[in-house]
Amino acid sequence: MAIALVLVLVVVGSIAFHVLSPWWWTPIASNWSYIDHTLIITFWITGAVFAAVVLFMAYCVWRFRHREGNKAHYEPVNKRLEGWLTVVTAIGVAAMLVPGLFVWHRFITVPADATEVEVIAQQWQWNFRLPGTDGRLGTSDNRLVSFENPLGINPDDPNGQDDIVVEAADLHLPVDKPVKMLLRSIDVLHDFYVPEFRAKMDMIPGSVTYFWLTPTRTGTFEVLCAELCGTGHNFMRGFVMVDSEEDYAVWLGEQQTFAQLTEALQTSRADSDALGTTTAQGDAEN
Ligand SMILES: [Cu+2]
């Protein structure tokens, strides 16, 4: 009897916790409310099944409790019961999966007017690349990664020279403009995740994955890596700032292109090499 009561309390407690809990998703900042809807459908179905199963169990514990002289009735097969349980389960599982398929289709069908932004993950920081004035990203290859070219951009591709490189700094996006996020990793598996965007995707070295979104409100949102990627995984954080059109233009104007960055890095290397030679000579004289 006590066990039946505990089972009922588990159901009542779970529902009360769900309704009264102060923890819920962070307010959404993208067009992906569909993702929330599919999660809510899953919550309802799994919640209803959980409550039904546990309450049924409580009923059975109470109804068929031990009583002197009572004998259990053995019924190994019940075709009718199995039949309708199979149908109900199939409908429940389909109801959870089907909305996801529709949302997935939207998630990977990029609108024609979306601009491209590349996210390059590495242990343990976020880098970004935006197409320059030509609107096109140059090609890239992880084999080209070097001191002068930390993101492996192809220096021989003219499309890449004006690409804007944002290394280990914040990404800015204009509000209400669709954007295709191209996801690349230069070392291990990572996963680009901005909780407010309700979108994330694994990043796989050697291939480019993608999804798209339209940021729907301005603000500062944290980027998390959602794939355990080594000892610094929990420090792998960044920020995406969703700006008004004017603020975005100001930020964009302050960024460096790939050509400028290469020149700066080459100069700094030449300087340090020259310094190295002087020090070596100095050492030899002493
Ligand atoms: Cu990571």
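**Packing of the predicted model**

The largest nonpolar core comprises 35 residues, and those with the most contacts inside it are Trp126, Met181, Phe192, Phe197, Phe211 and Val240. A nonpolar core here is a set of buried Ala, Val, Leu, Ile, Met, Phe, Trp, Tyr and Cys residues joined through side-chain atoms within 4.5 Å; buried means under 20% relative accessible area, exposed over 50%, and partly exposed in between (1.4 Å probe, protein chains only). At least three residues of this core come from each of domain 1 (2–65 + 79–108) and domain 2 (115–267), with bounds taken from an automatic or database domain assignment. A second, separate core of 8 residues includes Ile120, Ile153, Leu261 and Leu265.

This is a predicted model, in which local features need pLDDT of at least 70 and side-chain atom pairs count only at pLDDT 80 or more, while totals for chains, interfaces and linings use all residues. Residues are numbered from 1 along each chain as its sequence is written, and side-chain values use heavy atoms, leaving out hydrogens and water.

Helices (H or I, at least four residues) and strands (E, at least two) are DSSP runs, numbered from the N terminus. Contact means heavy atoms within 4.5 Å. Among the residues making the contact between H1 and H2 are Ile3, Leu7 and Val11 of H1 and Phe43, Phe50 and Trp62 of H2.

Gln256 lies in strand E11 (residues 256–257) and, at 36% relative accessibility, counts as partly exposed. Beyond its neighbours within four places in sequence, Gln256 is in contact with Asp163, Ile164, Val165 and Leu261. The C-alpha atoms of Gln256 and Val166, 90 residues apart along the chain, are separated by 7.6 Å.
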